Structures are given as C-alpha cells and as structure tokens.
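Trainee: Before we label anything, I would like to see the model. Then I will ask what each label rests on.

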Amino acid sequence: MHHHGRGHLARATSICAHLREPVTILSSLAIPERPGVSTVRLPRDDDGTAAVGADANGALHWAPLHDRGLRERMTMITEWVSTHRPRVMVVDVS
C-alpha cells in the first residue's frame, strides 16, 4: 500500500513549528489542530484496487492510472492553489 506511517506529517509539523507565518497542510491524514496551521483534507489516492501504472514506468513516485481519489485530490489541490495563491508551496514525496 502506498500510504503508510506518519513520516511526512512528522516532517511537516516540525517545519511548521519554526515558521512565523500561517501554514496550510493538504493531506489525506486527519491532522490534529495546532495554532497557525490549517488543514485541507484530501481524498486518498489508493482506493484499495490494484494500482495500475503507479510509477509511470519509473518516471513518477505515485501516479496510478484511473484512480478516482488521485483525480479528486489533484482537483482539490489545483483549486486551493488557484484560490489562495500561496507564496511558497512545499511538496514532500520522499
């Protein structure tokens, strides 16, 4: 399964603790409330069916073909960026 552990969340929250500006975390995880941090809950991108072409022949980290959750979360991220126009955006895929 693609989603496992909480390493990305731990990294994000440790970075947020050092920032002096409000932060928004976009994630499929339920994230506890903390001062200065808002969240956008995204749908998962692994609906339990077999992931087809998930790594695009080694070119991408996770991009399964025909996954409804991936489609929906990409739409939500695009709409959020368009609406909020963040000055900085960090994407953690490692």
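Mentor: Start with Arg73, which counts as buried at 11% relative accessibility. The model is predicted: local features need pLDDT of at least 70, side-chain atom pairs count only at pLDDT 80 or more, and totals for chains, interfaces and linings use all residues. Residues are numbered from 1 along each chain as its sequence is written, and side-chain values use heavy atoms, with hydrogens and water left out.

Trainee: Why is Arg73 called buried?

Mentor: Buried means under 20% relative accessible area, exposed over 50%, and partly exposed in between (1.4 Å probe, protein chains only). Arg73 has 11%, so it is buried.

Trainee: What is Arg73 in contact with, leaving aside neighbours within four places in sequence?

Mentor: Ser28, Leu42, Pro43, Arg44 and Asp45; contact means heavy atoms within 4.5 Å.

Trainee: Why is Arg41 called exposed?

Mentor: Its relative accessible area is 52%. The cut-off for exposed is over 50%, so Arg41 is exposed.

Trainee: What does the side chain of Arg41 reach at 2.8 Å?

Mentor: The backbone oxygen of Ser28. A polar contact is a pair of N or O atoms within 3.5 Å; within protein, one must be able to donate a hydrogen and the other to accept it, and residues adjacent in sequence count only if both atoms are side-chain atoms.

Trainee: Which residues does Arg41 touch, not counting those up to four places away in sequence?

Mentor: Ser27, Ser28, Leu29, Ala30 and Met76. Arg41 and Leu29 are 12 residues apart in sequence and 6.9 Å apart in space, C-alpha to C-alpha.
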